Amino acid sequence: MNPHPDLTAGVIRGLGWLYLLLALANVYWSVRSFKKDGYYERLFGIDHVPKAFGWAAYASILLLFACAHLVFSSSADDFMIRLPEFFKSNVDILIANPISYFVISIVIFVAMVVWRNWWVEPTIAWILFNMSVLFLALSMTDYDFRQIVGKPDNVPIVAMLYLVGFFTWLYFYKCRDNDRRLANGLPPAEKELSETVLTWPDLVYSEMICMVLLTVVLILWGVALPAPLEEPASAVKTPNPSKAPWYFLGLQEMLVYFDPWMAGVVLPTVILGGLMAIPYIDFNKIGNGYYVYEKRKFAVLTFLFGFLPLWVAMIVLGTFIRGPNWNMFGLYEYWDVHKLEVLNNVNLSDMFWLDLMRQPLPRPDSTAAWYVQLVTILQREWLGLVLIVLYLVALPPIMALTVFRKFFARMGFLRFMVLANLILMMWSLPLKMALRWSLNLKYIVAIPEFFFNI
Amino acid sequence: MVAAVKEAQQAGKPVAPKLPAQPAKPKLPVKEQKVTRRSFWQMLSSVTISPFAVAWTVMATIGGVWSLAAARFLMPNMVRELPSKFKVGAISDYPPNAVSEKYTASRGVWIVNTDQYNGQPLLYSLLAICTHLGCTPSWLSGEQKFKCPCHGSGFYITGINFEGPAPRPLERVGLTLGADGLLEVDKSLKFQEELGQWSDPKSYVELG
Amino acid sequence: MSSIIEYIRKSQIWRSVFRHPAPYDRRNRAVVVLTNFFLHLHPVSVKKGGIALSYTWCMGGVTFFLFLVEALTGVLLMFYYRPTLEWAFTDIRALRDVTTLGIMREIHRWGAHAMVITVWLHMYRVFLTGSYKPPREFNWVIGVILLVLTLLLSFTGYLLPWDQLAIWAITVGSNMARATPFLGHEGPGFQLLNIGGYDLITNASDARFLLLGARTVGEETLNRFYIMHCVAIPIVVSLLIAIHFWRVRKDGGISQPL
C-alpha cells in the first residue's frame, strides 16, 4: 500500500462532484451562448451551426468525466484520468525556480494589461476560468499538490485567487466600456445610475440577503474544513519550514532578499505610508468614483503591479512553493528536507575588494576607537553606500527631468519627491531580486557590525 | 509703416465700448504690504501663543504623556527565566569534531569541539539562535552544517555563515572551565565574530 | 392571521419600540431609516449606482459583517478559553472534542481569513474606482489604518491556540521587531542610544520585548496577545469603523462618481 497515493476513492468522488458542477455551469453557458453568440455560417459542410454547439459538446464531455469519477469503484490506482508525469515535471522545473517564477508572473501581468480588451470578452474569460478549474481539478490527482493546497489554512488563498481574478476581470470589463465613453466625450456609465432610490427597501434588503448568504457560506465552510490544531507549542522544536501567517508571507518572501530591518520594518512602513499617501500624490482629477483605465494608466498600473505580482504572487510563492529550509519546491514535488540548494551569496564589498582590486577586505581593528573602526568600515563599503545614495537622492531629480517631466511640473517639488521615493522603494524589491539571481549579490551595503545591511 | 504706428499711438486710447454696470465687488481685506522684523516676531508669537497653538500643544502633550506612560507600564521590570550560568559536565564528555546537542532543547546552546576555526582544537558554545530572524537551526551532521528551517541560512561547524540570508555568524556564549573540572556556560555573555570578540578567552576553552 | 399581526402592531409595546407605521408607503420608508438607531447609519435614499453589486462589490459591507461575526463568535469562545500555558491548548482542543457547536471556532477562524481577504478587495475596489480622490482622501487613510488593524487582529489571534503553528508563526513574525531601527536590539543605530556606555536598548528593553513582554514567546506573550486581540484592538477598530462610516456619509456619500 502506497502511503502517498496520488489517488484515493475519496479524491475521485470529490473530483466527480467538482466536474459535475463545472458541467452544470457549462450547460448554463451553452444556453447563454445559444441566445447571444449567433451562428457559424458554415462548419464541416453544414450550414448555420449555432456556436453554442461547441459549448454543449464540452459540457457533455465534462458530464462523462463526472460520471466516470462518480461511478468508479475498483482500485484507485487503476484510475486513468490523472495528470501526466511529463506535465508535472515540466511545471515543477518552471515553478521551483525564483527567476522563472517571477518572470512568469510578470509576463502574465503584462499580457493581462496589453490584451485587456481581448480577454475581458465574456467568452474568453469563461474559457480562462474553465482552464483554471480543470488545472486545479487535474492537479488534485497529485498527492503532493493536494497536501499543500488542501491544507485548511491554505484554502482561503485559493478562494482569494479566484476572487482577485474575477474582480480584476470585472474592472477591465467595465473600463473597456467607460474608456470608449470618455473618448467619445460621454459621461461614465456609472453616472447613468445616479437616479435615487429609497434605502428601505432597496439597500436594507440587499444587506439582509448578503448577511444570509455569508452566514451560510461561513457555516458550510466551518463544517467542511476543521480549523487546524497541531501539536502543543514547543519552544525548542522549530518546524521546518516555519511560516508566518499566510497574509504576511509576502513580507517573509522579502526577507530572503533583504535584511530584517528592511524587509520587516522599513519596507512595511513604506508600503503603509505609501498607501496612505496615495490620495495626496495622485493629482489626476479624472476617475473619481468610476472605473476608468486609459486616463489614469500610471496610477492603476503602479497599484496593480504592487498588488498582483509583488503581493498576491508573493503570497502564493510563500504558501505553496516555499518548503523545508525555505527552498523552492514545484507544485507536484515532494517536500524533501534534504533537498540541496547552493546559496553562496557574496556582498558587493567582497566583489569590489577581492575580485576587482585583488586585495583583502579592509578589516576594522577591534581594539581601536569606534570612529577609527567606522572609517575603515566606510572605506570597505564605500561603493555600496555611494550606489544607495545615488539611487535614492540622485535618481529622483533625473526622473523629474526626463520620464516624469510632466508629473514634476504638475505635482510640485514635495509631492514629486514623495512619489519618486515611493516608486524607487517599490522597485527596489525586483531590482534586488534581479541582482541576487544574476550576480549572487547578498548585500549592497554590508555592515553587520552595526546591523546595517541593505 | 512706423509713422502710421506712431500716429496711432498718439491718437490716444481707443474708446472702450460701454459695458453694462457691474455689481460692486465686495472689498477684500488688504494684505499687509511688508513684513518688518518686529511684525515677524509678533506674527511668530501670535502663532505660538495663540489659543489654537496652545490647545493643540496641550492635546499633543497629554497624548504623548499617556502613550509614554502606557509604553513604560507595559515594559516589565522582571522576567521569569532560568539562571544564565549552568554546568555542562567535563571536557571528556565532548569528543573531538562533534557538535553536542545535549543542551539544545533545554537551554538553547550547542557545545562544539573542533579545530576548524583557527587550527587549534577548541571547545566553545554556540547560541542556537539564527542571526537572521531568531529561529532555531538544526545541526545536520551528514552535511556538517547548521541549517535554519525558517529562511535557509546555513552555518559551518565553526558558526560562520556561508549560505542563505543570515547576515553574520552565530553567536558564542561564555564557556569556562571551573576549578572543579566542570565546564560552565554563561549565557549572559555574548561573543560576536564580526566584532572580533571570538578571540576573547572567555568565549572558548582551549584543549591540550 | 392578519388580525394577530394587526393586534401586535397596535399594541402599546410595539408602538413604544417602533414609533411609526409600517414602512409600506414612501413617507414611512423614509421615516423608518431616520428613526431607527441601526438604520440611521444610512441616508434615507441612495443612488442606484451606490448599491449596484457590480460597481461596489459589496466588500466593505461584507468586511463589516464579518467583523460582527468575529465579535459574536469571539465572545462565545472567550467563555471556554483561558490564556495560560497550562490551559490554552487544552481548551482549544476541548472546543473541538467535547463542546457542542465547537464549530464556533471554525467560523471564527475562517471568518478572520475571509475578513483579511475582503478588506484587501475593498481597498482594491476603492482604488480602482478612484474613490479615494477629493473629498474622500482622509477616509482612505482611515481605511488603511483599519486594514492594518485587521491584520493585527488576525495576527494576535493566531497565537491563542498555542500550538506549533501558532507559536512559530508569531516567533517568525515578531522577530522582525528585534531589527527595528534604533528601537530593536539588533537593529541599525541602536548603539547610538546609550548613556555612559550603557546600552538603553537591550534584548530586555527593546521593541520586541515590549511586544512580547518577555525575551521569548511565552506566557506573558500569550496574555498580551490575548488582551490585544479581545479588548484593545477591537475597541480601536470599532471607533475607527464608526468614523469611517460617518465620513462616508459626510465626504460625498456612498461610492458614486463625483
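Is B:Lys87 buried, exposed or partly exposed, and what is its relative accessible area? B:Lys87 is partly exposed, with a relative accessible area of 40%; the cut-offs are under 20% for buried and over 50% for exposed, with partly exposed in between (1.4 Å probe, protein chains only).

Before we go on, some ground rules. This is a predicted model, where local features need pLDDT of at least 70 and side-chain atom pairs count only at pLDDT 80 or more, while totals for chains, interfaces and linings use all residues. Residues are numbered from 1 along each chain as its sequence is written, chains are lettered from A and ligands numbered from 1 in the order in which they are written, and side-chain values use heavy atoms, with hydrogens and water left out.

**Salt bridges**

Side chains of opposite charge can pair when their charged atoms come close. Here the rule for a salt bridge is a side-chain nitrogen of Lys or Arg within 4 Å of a carboxyl oxygen of Asp or Glu. Over all chains, the structure holds 25 salt bridges. Here are some of them:

| Pair | N to O distance |
|---|---|
| A:Asp153 and C:Arg109 | 2.8 Å |
| B:Lys87 and B:Asp180 | 3.3 Å |
| B:Arg168 and B:Glu194 | 3.5 Å |

Let's start with B:Lys87, our opening residue, which forms a salt bridge with B:Asp180. B:Lys87 sits in strand E1 (residues 85-87) of chain B and B:Asp180 in the loop between E9 and strand E10 (183-191) of chain B, so the pair ties together parts that are 93 residues apart in sequence. As for B:Asp180, its relative accessibility is 48%, so this residue counts as partly exposed too. Helices (H or I, at least four residues) and strands (E, at least two) are DSSP runs, numbered from the N terminus.

Next, B:Arg168 forms a salt bridge with B:Glu194. This pair also links distant parts of the chain: B:Arg168 is in the loop between strand E8 (161-163) and E9 of chain B, B:Glu194 is in the loop between E10 and E11 of chain B, and they are 26 residues apart. B:Arg168 is buried at 2% relative accessible area, and B:Glu194 counts as buried at 12%. Through shared partners, salt bridges join B:Arg168, B:Glu171, B:Glu194, C:Arg178 and C:Glu186 into one network.

What about A:Asp153 and C:Arg109? Their side chains meet in a salt bridge. The pair crosses between chains, from A:Asp153 in the loop between helix H7 (143-149) and helix H8 (155-183) of chain A to C:Arg109 in helix H7 (residues 103-128) of chain C. Both A:Asp153 and C:Arg109 are buried.

**Strands in chain B**

Strands of a sheet pair through backbone hydrogen bonds, either parallel or antiparallel. Two strands count as paired if DSSP finds at least two bridges between them.

Take strand E4 (residues 122-127) of chain B: 6 of its 6 residues are buried, so it is largely enclosed by the rest of the structure. B:Leu122, B:Tyr124 and B:Leu126 point one way from E4(B), while B:Leu123, B:Ser125 and B:Leu127 point the other way. Strand E3 (residues 109-114) of chain B pairs with E4(B) in the antiparallel sense over 6 bridges, and B:Thr114 stands opposite B:Leu122. E4(B) also runs antiparallel to strand E11 (residues 205-206) of chain B, joined by 2 bridges, with B:Leu123 opposite B:Val205. Another 2 bridges join E4(B) to strand E9 (residues 172-177) of chain B, again antiparallel, and there B:Leu126 stands opposite B:Arg172.

Elsewhere in chain B there's an open sheet of 4 strands in the order E5-E6-E7-E8, with antiparallel pairing. Strand E5 (138-140) and E8 of chain B stand at the edges with a single partner strand each, so one side of each is left without a neighbour in the sheet. E5(B) pairs with strand E6 (residues 145-147) of chain B over 3 bridges, and B:Trp139 has B:Phe146 as its bridge partner in E6(B).

**Where chain A meets chain B**

In the interface, 29 residues of chain A are in contact (heavy atoms within 4.5 Å) with 26 residues of chain B. The buried area, meaning the accessible area (1.4 Å probe) that two parts lose on being put together, summed over both, is about 2,100 Å², with carbon and sulfur atoms giving 53%. Across this interface the rule finds 0 salt bridges.
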